Amino acid sequence: AVGIDIKDGFVAIRGWTEASSLTCDALCRRLADTGVSTVICTDISRDAMLQGPSFELYAELQKRFPKIDVTVSGGISSMDDIRKLDALGLRKTIVGKAIYEKHISLDDIRLWSQNA
């Protein structure tokens with residue numbers, strides 16, 4: 001798996017402090033061409049904000065690069081976010097602050113995944 005940090009559509013570098021000139025799409029295209037099958041993508045403008053993920057960004061990436069399994073990271077705030085991502089075909093999600101802040105429990109995730 002390869003991790004990509006995104007800032008305003010561009011790959012973020014130097015510990016999230018700068019956006020490079022390389023777009024997320026261009027990097028994913030390069031990764032797909034080399035056979036990478038999983039990308040962990042973090043929209044850093046949403047990370048740890050509990051404001052919901054960039055649904056459109058992740059859905060478009062998954063649509064454009066069907067051979068890459070996109071793992072969503074950044075902004076997950078509720079089980080509704082997870083359900084919406086699942087409906088968009090995004091099956092992997094990293095949930096951090098929402099669990100820490102008790103917006104989502106591990107039992108919520110377990111029960112949902114058993115019924116999904």
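Start by selecting Asp 69 and Lys 92: they form a salt bridge (a side-chain nitrogen of Lys or Arg within 4 Å of a carboxyl oxygen of Asp or Glu), with the closest N and O atoms 2.9 Å apart. Colour by secondary structure and you'll see Asp 69 in strand S5 (residues 69-73) and Lys 92 in strand S6 (residues 92-94), 23 residues apart. Helices (H or I, at least four residues) and strands (E, at least two) are DSSP runs, numbered from the N terminus. Asp 69 is partly exposed at 25% relative accessibility, and Lys 92 is partly exposed at 37%. The cut-offs, with a 1.4 Å probe and protein chains only: buried is under 20% relative accessible area, exposed is over 50%, partly exposed is in between.

A quick note on what's loaded: this is a predicted model, where local features need pLDDT of at least 70 and side-chain atom pairs count only at pLDDT 80 or more, while totals for chains, interfaces and linings use all residues. Residues are numbered from 1 along each chain as its sequence is written, and side-chain values use heavy atoms, leaving out hydrogens and water.

Next, pick Asp 86 and Arg 91, a salt bridge at 2.7 Å between the closest N and O atoms. Arg 91 is exposed at 58%; Asp 86 is partly exposed at 24%.

Zoom in on Arg 64 and Asp 25, whose side chains meet at 2.5 Å, N to O. Arg 64 sits in helix H2 (residues 55-64) and Asp 25 in helix H1 (residues 24-33), so this pair ties together parts 39 residues apart in sequence.
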